[in-house]
Amino acid sequence: MVKRPAWGPTLVWLVCVCFVVIAYLALLFQWWPDFHPLYPLELVFGTATKWLFGL
Amino acid sequence: MRKELISRYQLILLLIWLTMGTGVLVIPSVITEFTVTDAWMAVPSLFVGGLLSAGIARVHVKKFPNSRATGGFLAMAGPVIGGVFIIWYISVVFLVGTVVAREFTLFVTVASLPYTSETAVAVIGCASVVYIAYVGIESFARANEFVVPLAVVVLPLLILLPLTLCDVHQFYPVFSSGWLPVWKASIVSIFVYGLEFSLAIQFVPNLRSPEKLPIDIVIAASISTVLILIVVILTVGVFGYTVRYLQYPVLELIRVVRIGRFIERLDTIYGIAVLMTIISKLTVIHLAMCTGIQDLCKTRDYRWAVLPTGTAMFVGGLYFYRNVAQMAYFIEHVGPSYLLFTVVGVPLLGLTLQRVRFHLKRRARKGG
């Protein structure tokens, strides 16, 4: 039987648990209230939507 | 392990709920933000988006008849760049999931449980979605079939009763501001909701007849377009310009139905229907994300990813969009180009890379 690498699932679990703990605590205790994690995405694709579709 | 397969009918149902889940909440509000009297003209754009998705699905099933979208990325661009494409795809599906999860918590807290914390609502939603995704697509699609008889009874009732309050004069004057507002009102329907149909490509190995996927997308898109068109005509016909000030126009539409102090408060039925369809939509998104992670990590099953990613999706929804305005901005101003780039741009990039790799290999063979 082929042995499959276990690092993938471990990494996914680690990333998700860290994200859940940090994001929820940040939300609960209002850490970094001015930090918008989606800002880069909003900047790039918001501009693209404006150029392409005029929205 | 036994392969989970779903029929064409089950796929079409899943795709209809995929659009209707949040489409019935968001599309009328987004369209009437730009135009009220001509709102009905913007709805067929959803079908155009569906056609675009069907075209992409056609290319996919021709080139990779047994692979998911993520498997196609690996085949096109190789393990390294293909892996990067898969990470991008998973992140986009994750963000779409966070938006839908946030819409779920918002709808529940606004429409029925105003004194319950959003976290509690998110926990219940997350538990349902994670459990359904864990059970698998086959059982989920079979359970989904049970919803149809209920919808067949309830839907005509919800459509016919407000019809008595509808006023045709609300649709005049036609083209009061020209085509531009109609075009702007169509963008979210085409490039956000229409392109969501392409998520079906992720379930190609689970389809009994994958070669029929494009036509199934077209059927689902046409049914969804007709349903949304009816909803938009009714909301505008009953409320007129007032519709712009309503957060959930369809909910208010159902609420105004009162016949002889006997038939009233039908919004409970509507609320149940919306929650069922949103949970169904979230499950499809969640399954697409988990199977993508399965391809990335090269594991035999996706079920190990269901709990962590599902929890992250609901927490992400609460964390990324603190209020309705932030969520609406993301859907209207970021969503169209973000999904267009991911659904059309990334596969095109992958196909170009595949061509380049093919020519490089051929040149190396000739040179050797």
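Predicted model: local features only at pLDDT ≥ 70, side-chain atom pairs only at ≥ 80, totals over all residues.

At roughly what angle do the axes of helix α11 and helix α12 of chain B cross? I find that the axes of α11 (residues 267–297) and α12 (residues 306–320) cross at roughly 130° and come within 10 Å. Axes here are lines fitted to C-alpha atoms over the stretch in contact, with angles from 0 to 180 degrees between N-to-C directions. That makes α11(B) oblique to α12(B), where under 35 degrees is roughly parallel, over 145 roughly antiparallel, 65 to 115 roughly perpendicular and the rest oblique.

Residues are numbered from 1 along each chain as its sequence is written, and chains are lettered from A in the order written, with ligands numbered from 1.

I listed the contacts (C-beta atoms, placed from the backbone, within 7 Å). B:His286, B:Met289, B:Cys290 and B:Ile293 in α11(B) meet B:Val306, B:Thr309, B:Gly310 and B:Met313 in α12(B).

Next I checked α9(B), residues 213–239. Its 27 residues should span 39 Å at 1.5 Å a residue, and the end C-alpha atoms are 38 Å apart, which agrees; the expected span is 1.5 Å times one less than the number of residues. I noted B:Gly240 after α9(B), with a positive phi near 65°.

Last, I looked at the chains. 25 residues of chain A are in contact with 25 of chain B. On the chain A side, α1(A) gives the largest share, twelve residues.

Key:
Helix = DSSP H or I, 4+ residues; strand = E, 2+ residues; numbered from the N terminus. Contact = placed C-beta atoms within 7 Å.
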